[in-house]
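I opened the model today to look up a few elements and how they are packed. My entries are below, in the order I made them.

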Amino acid sequence: MSDTSQHPEKIYQSIIKAVDNLLSAIPGSSEDNAVQVAQDETMKWLKKIRSDIGSNLISLKENSEWDNFTVAFYGETNAGKSTIIETLRILFKEPGKIEQQAKFRAKLEHLGVSSDEFDRLRKKILEGEHNIDGIKQDINREEIDWELVKKRLSIEVGVASDNCIKAIKSLNLFQKFLTLFKKFPEQISLRKSNKEFKEAVARYLNTQQIFEKTLGEMKNIHDKNSLDLKALESSLKTIVPFSDGNIIGDGQSDFTLKSQSYLLNAGKQKLMVLDVPGIEGKEDKVQSSIWASVQKAHAVFYVTGKAAAPQAGEGNQKGTVEKIKSHLGDQTEVWTLFNKRITNPIQLEKPEIISAGEKAGLESLDAVMKKQLGDNYQGSMSVSGLVGFLASADCLVPGSSQARGKKKFCSVKSSQELLDLAGFEQLKKFMCG
């Protein structure tokens, strides 16, 4: 980054002094009318320049950070500026972040909750839900099987009953009398069918009773585990404000409405990092904050989630490229920071996270930015904010989506490997240089 050894205020003061010297060098009057007119016009022009520079100096004094090299992270809404900054706060051990993490660990220890405990409880709940579904499926299958068995046995009983009635009708009076002492075959068959039916009903009811008892026990265990999990989640709410990533937006537009500043120790120099509101939200709410922030900055990272040139406006509607030019036209250094969205470790299997198509898109972006900002534009770099954050974050709320994400990514690669792939080691070195 640029050398800041020469104090900016002295540069502005020297410009004003040079203009004052020019004004004093112009003679007060001339006998030549044409010369006098020229002198008056020159005097008027220089006074206007002097006034404009003075006004700009006042604005720059109000908005500038003189003691620290200031970098503003500026760009599209939801492009991941806060995620990148949070990662840098952790990597550079920003004092506010260190203090925050210490409070997080102390509160977590006081609660006596560990990530392993939380994960075990969640696993029990998931297993319980799986087992409950399994029992319900068993009950359903048993009911279906019973309907088939009941239908078959009912037919058998019906046939045996019909055969018995027909046999009785064919007997004479003496034969009917004999059946009181000895049952004929059709009666024996009917009795057997009835017995099988009753035994099948008893077995079905007993099986259903066992299933219902088991299901009730499982539901009781599941309900208890769910209550325990809710109690854990409720207690963990107290540590959310101190967790890593609490400055990261939730996907809603204009999550960051005011610029936030963070002081980082980057090698031999101190860096003031500014998290600037997005330029594509409700700009009436954030316009003044954006302007003040970029005026403070000695360098700006334009953060975008698209490896493509920013869109131009149509008619009276400003596009992203016009907004960038109006905000950043006076900056000495402007860099593009492409934030590659990676949500699955599978995307990290290739040696580079940036595809050939994205590289071509960034070349087009560089050309457009160079055309708009001239020599102020320095080029582009790439990172993956989410991967870098998950690799570096240490204080995550147990059971949170971020904690699960860290576990998922760190199960396939080490934290250092993730930081290298995500481009943060390169960005860190660049900012220290």
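**Ground rules.** I am working on a predicted model, in which local features need pLDDT of at least 70, side-chain atom pairs count only at pLDDT 80 or more, and totals for chains, interfaces and linings use all residues. Residues are numbered from 1 along each chain as its sequence is written, and side-chain values use heavy atoms, with hydrogens and water left out.

**Overview.** I looked up the secondary structure and found 14 helices and 6 strands. Helices (H or I, at least four residues) and strands (E, at least two) are DSSP runs, numbered from the N terminus. Of the 433 residues in the protein, 40% are buried. Buried is under 20% relative accessible area, exposed over 50%, and partly exposed in between, with a 1.4 Å probe and protein chains only. I also looked up contacts (heavy atoms within 4.5 Å). Among those with a separation of 6 or more, 78% join residues 24 or more positions apart.

**Strand 1.** How many of the residues of strand 1 are buried? I find 7 of the 7 in residues 69–75, so strand 1 is largely enclosed by the rest of the structure. In a regular strand, side chains alternate between the two faces of the sheet. Here Phe69, Val71, Phe73 and Gly75 point one way, and Thr70, Ala72 and Tyr74 the other way.

I then looked up the pairing, which requires that DSSP finds at least two bridges between two strands. Strand 1 runs parallel to strand 3 (residues 269–275), with 5 bridges, and Phe73 has Asp275 as its bridge partner there. Strand 1 also runs parallel to strand 4 (residues 299–304), again through 5 bridges. In strand 4, Ala299 stands opposite Val71.

**Helices 3 and 4.** At what angle do helix 3 and helix 4 pack? I read about 80° between helix 3 (residues 81–91) and helix 4 (residues 95–111), with the axes 8 Å apart. Axes are lines fitted to C-alpha atoms, for helices over the stretch in contact, and angles run from 0 to 180 degrees between N-to-C directions. The two helices are therefore roughly perpendicular, a label for 65 to 115 degrees. From helix 3, Glu86, Arg89 and Ile90 meet Gly96, Lys97, Gln100 and Gln101 of helix 4.

**Helix 12.** In residues 401–410 I noted Ala403, Gly405, Lys406 and Phe409 as buried. They lie on the same side of helix 12, because their arc around the axis is only 160°, taken from the directions from the helix axis to the C-beta atoms. These buried residues pack against helix 11 (385–392) and helix 13 (415–421). The face turned away carries the exposed Ser401 and Lys407.

Notes: Parallel < 35°, antiparallel > 145°, perpendicular 65-115°, else oblique.
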